[in-house]
Amino acid sequence: MTPTPSPFSERGNLALAIGVTLVALLAGVAYFGPGSAMLDNTRAEMETHRSDLDSWAREERELRDIGADEMAHWNERFAATKTLLGAPVDEASLFARVGSALDTPSLEHLEVVRRVADDSQTALRHLLTSPTSGEILRVEEIPVRVAFRASYRDTLRVLRRIESGHIPLRLDEIDLRRDYPALRVEIGARFFARVEGES
């Protein structure tokens, strides 16, 4: 005689299978549905907070007391800038100042004119403040056009002095032409000069 299967064992297996299926289905819905979005949002928030913490740590390292050596260096740079710019200029002394800055032994036929300022060439003003004394230098970028004739060697010397910052001039354009035995040079530039004015 063969034993008949118990209806309880079949029902138990069926209930277990349905329960496991429901758990797997709910886990899949939670992970790939709203749960996934929540995980992504949480990850994004954690990344933002980590980035903020890194920024704060970097700012804390940078916001330190200024050392005596650093302050002395800033004062030296301010004094060097003041010396380079010289005394304040007016319109009459501007051309003499530019010519003096470019002077070399072979320089001839120097012409300095103030360029007519359009929207892209308006004179810009800057205020430079001493880090310790509070002294203020009012500096203007004056658009000028300069033409001169000089030897190749002296022209190169002038251009190197401009490039190294020994002449307070920023080149916008330059035209070099052979004018045997020298060069004819035309420069469009901005001359940095101290000016008088109200704070």
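How many nonpolar, polar and charged residues are there in the lining of the largest pocket? Figure 2 has the answer.

**Figure 1. The whole chain at a glance.** This is a predicted model, in which local features need pLDDT of at least 70 and side-chain atom pairs count only at pLDDT 80 or more, while totals for chains, interfaces and linings use all residues. Residues are numbered from 1 along each chain as its sequence is written, and side-chain values use heavy atoms, with hydrogens and water left out. You'll find 5 helices and 5 strands in the protein chain; helices (H or I, at least four residues) and strands (E, at least two) are DSSP runs, numbered from the N terminus. Following the sequence, the pattern goes α-α-α-α-β-β-β-α-β-β. The protein chain has 199 residues, and 23% of them count as buried (buried is under 20% relative accessible area, exposed is over 50%, and partly exposed is in between, with a 1.4 Å probe and protein chains only). Take the contacts (heavy atoms within 4.5 Å) between residues at least 6 apart in sequence: 67% of these join residues at least 24 apart.

**Figure 2. A look into the largest pocket.** The volume here is about 230 Å³. On a 1 Å grid over the protein atoms alone, a pocket is an open set of points where a 1.4 Å probe fits, with protein on both sides within 12 Å along at least five of seven lines, and lining residues have an atom within 4 Å of a point. Grid points are joined across faces, edges and corners, and the volume is the space filled by probe spheres set on the points. The lining is made of 14 residues, and Thr 81, Leu 84, Leu 85, Gly 165 and Pro 168 lie nearest the centre. Back to the opening question: the lining has 10 nonpolar, 2 polar and 2 charged residues (Ala, Val, Leu, Ile, Met, Phe, Trp, Tyr, Cys and Pro count as nonpolar, Asp, Glu, Lys and Arg as charged, and the others, Gly among them, as polar). Helix α3 (68–85) and strand β4 (169–179) each supply at least two lining residues, and α3 gives the most, with 5.

Figure 3. Just after the helix, Gly 86 takes a positive phi of about 70 degrees. Lys 82 lies in α3 and is partly exposed, at 31% relative accessibility. Setting aside neighbours within four places in sequence, Lys 82 is in contact with Glu 135, Leu 137 and Arg 194. Ala 193 is 111 residues from Lys 82 along the chain, yet their C-alpha atoms are separated by 9.9 Å.

Figure 4. The structure holds 15 salt bridges, each a side-chain nitrogen of Lys or Arg within 4 Å of a carboxyl oxygen of Asp or Glu. In one of them, Glu 111 meets Arg 184 at 3.7 Å, N to O. Glu 111 is in β1 and Arg 184 in β5 (residues 182–194), so this pair ties together parts 73 residues apart in sequence. Another joins Asp 179 to Arg 149, with the closest N and O atoms 2.9 Å apart. Asp 179 is partly exposed at 30% relative accessibility, whereas Arg 149 is buried at 16%.

**Figure 5. A salt-bridge network.** Arg 115, Glu 141, Arg 170, Asp 172 and Arg 190 are linked in a network of salt bridges. Zoom in on Arg 170 and Asp 172, and the closest N and O atoms are 3.9 Å apart. Arg 170 is partly exposed, at 39% relative accessibility, and Asp 172 is partly exposed with 39% too.

Figure 6. The peptide bond from Tyr 180 to Pro 181 is cis, with omega near 5 degrees, and Pro 181 is in the loop between β4 and β5. His 109, in strand β1, has a phi near 50 degrees, a positive value in a residue other than glycine. His 109 is exposed, at 56% relative accessibility. Thr 104, by contrast, is buried, at 7%. Thr 104 sits in the loop between α4 (91–102) and β1 (108–114), and touches Asp 154 and Val 158, not counting residues up to four places away in sequence.
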